[in-house]
Amino acid sequence: MADHKSRMLILGSGPAGLSAAIYAARANMEPIVIQGVEPGGQLMTTTEVENYPGFADIIQGPWLMEQMQKQAENCGAKLVWDNISGVDFSERPFKLMGDGGDVYHGDVVVIATGAQARWLGLESETLLRGKGLSACATCDGFFFKGKKIAVIGGGNTAVEEALYLTNHSDDVTLIHRRDSLRAEKVLQDRLFDHPNISVMWEKTVDKFVGDGDPLGLVAIDLKDTKTDAITQIDAEGAFVAIGHDPATSLFKGHLDLDDDNYIQVATGSTRTSVPGVFACGDVMDKIYRQAVTAAGTGCMAALDAERFLTGSADHAW
């Protein structure tokens, strides 16, 4: 067990956390990045990245995160392996308590713990994730240009993904377990009016079917919610769009969260309800959820934190 002290503590090591670390280290803040249970964030499970600026060719998500990590360390950030199980934001310096008993003290804290897409929990889903199965149309839709695509869900996210995917395919099927959608009326109208989208009602996914070498999605087995009858549809791409869960359970009772448990920040900034605590990336952004926007808000959080400290005399140990 040990005590660690820094002007800035950063929770999370995805694009948001590492971008914050790069900017903070360049400002001589000697940030400590606590990597958490999933170092690198969601990009560690993304095999091909084509929409991150600066790379002419497709790159691998884990490679991109490795480069960001090295860049942060080269700038002077310290990365540690730990999982935070408790926080104390009642006074500065703030305290974060690690699973192993280590305690981290920081004048400011940047939260970049991210969010995770909800999945259906099927074995076939795990097998085919990244092999025709995705949870982000904006990220991966391009790879299914001209192919038959299915979207699973019935809320705003599912409808928006289905509409977006018509930019790449003229054969998009929305699969929903109920007989009506939960999405906003204006989105439903756009969906029903679109000639390239069909809807399959009262169906759940029984199995994603893969074939070929390399393995790829070729079909989906659907179960009728009333009769349990199984039908199969062809699909070369499928997008599970049933929502995201931000990693904010640690901060309940300490920070203001919205109705979906995302950290609330002041408009146009990364400031949370506690002065000196900042949030960036998918933990506060439920609209865009892209690596490049997460990195951008990570930069914002570092700059907001630096300005907070510059405007405060209370940052001596």
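1. Helix α1 is largely enclosed by the rest of the structure, because 10 of its 12 residues are buried (under 20% relative accessible area with a 1.4 Å probe, protein chains only). The buried set is P15, A16, G17, L18, S19, A20, A21, I22, A24 and A25. Helices here are DSSP runs of H or I with at least four residues, strands are E runs with at least two, and both are numbered from the N terminus.

2. A word on what you're looking at: this is a predicted model, with local features needing pLDDT of at least 70 and side-chain atom pairs counting only at pLDDT 80 or more, while totals for chains, interfaces and linings use all residues. Residues are numbered from 1 along each chain as its sequence is written, and side-chain values use heavy atoms, leaving out hydrogens and water.

3. What covers those α1 residues? The cover includes strands β1 (3-11), β2 (32-34), β3 (78-80) and β6 (103-111), plus helices α2 (61-75) and α7 (291-310) (contact being heavy atoms within 4.5 Å).

4. Geometry of α1 (residues 15-26): the first and last C-alpha are 17 Å apart, close to the 16 Å expected (1.5 Å times one less than the number of residues). Just after the helix, N28 has a positive phi of about 60°.

5. Now strand β9 (residues 149-152): I149 and V151 point one way, A150 and I152 the other, and all are buried.

6. β9 pairs in the parallel sense with β10 (residues 172-175) over four bridges (pairing takes at least two DSSP bridges), and I149 sits opposite V172. With β15 (residues 237-240), β9 also pairs in the parallel sense over four bridges; there A150 is opposite A238.

Terms used. Buried means under 20% relative accessible area, exposed over 50%, partly exposed in between (1.4 Å probe, protein chains only).
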